[in-house]
Amino acid sequence: MYKRQDYQRDDHNNFFSVSTFATEPGKSIPRRMPKFFQALYCLVVDDVETKVDPRHVDKVLGLPTWTLETSPGNFQWGFALDRPVRDQSVAQGLVDALCSEFIGDMAGVNRLVRLPVGVNGKAKYGPTPFSTVLHSYDPTIRLSVETAIDALAATKASVADTAAAALPPDRDP
């Protein structure tokens, strides 16, 4: 088991999940498996600047709550939701719609994104990993769930069409 201070080290690859998950019966640590989903708290667009035009993200979703440089010139834009999305079909619909609108490299409601303290330790950066840089953070900026649904055209009906593509409920990514 990890110690709390391990997640605060600036020389580690540090991540958080966009959702929370229940603990499996008989276990002490939650697992990021869809069958244990509890709530989605944020949406994150990856590869802004390098693969995704920031003007397009701004046009669709508005200002992000935070922008984090995760590798040289490459950003994650995070959008804190105004309330948790507890309906898993709605949460999965939002994530699927986000993938369709932008880059589809997300794991789903159990996606991990980088924390602002840490490094990108991919081998391509050599012996000196890239240190993540938080460029902006405004906790007062919240994306309403309704605005996200409207902006991404995500509905419960669209989720049924993509359910087969979602991770199996017993698979931990």
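**Core packing and local contacts**

Beyond residues up to four places away in sequence, Val45 touches Val52, Val57, Leu61, Phe75, Gln76, Trp77, Phe79, Leu98 and Phe102. These contacts, like all values reported here, come from a predicted model. Val45 also belongs to the largest nonpolar core, a set of 35 residues, where it is among the members that touch the most others, together with Leu40, Leu43, Leu61, Phe102 and Leu152. Two or more residues of this core are supplied by each of strand E3 (37–48), helix H1 (54–61), strand E4 (66–71), strand E5 (74–85), helix H2 (88–101) and helix H3 (145–152). Strand E3 gives the largest share, with seven residues. In soluble globular proteins, nonpolar side chains tend to be buried together.

Thr70 lies in strand E4. Its relative accessibility is 3%, and because buried residues are those under 20%, Thr70 is classed as buried. When residues up to four places away in sequence are not counted, the contacts of Thr70 are Gln76, Arg114, Asn120, Phe130 and Thr132.

Gly62 is placed in the loop that runs between helix H1 (54–61) and strand E4 (66–71). With neighbours within four places in sequence set aside, Gly62 is in contact with Val57 and Phe79.

Technical notes: Residues are numbered from 1 along each chain as its sequence is written. This is a predicted model: local features need pLDDT of at least 70, side-chain atom pairs count only at pLDDT 80 or more; totals for chains, interfaces and linings use all residues. Side-chain values use heavy atoms; hydrogens and water are left out. Helices (H or I, at least four residues) and strands (E, at least two) are DSSP runs, numbered from the N terminus. Contact means heavy atoms within 4.5 Å. Buried means under 20% relative accessible area, exposed over 50%, partly exposed in between (1.4 Å probe, protein chains only). A nonpolar core is a set of buried Ala, Val, Leu, Ile, Met, Phe, Trp, Tyr and Cys residues joined through side-chain atoms within 4.5 Å.
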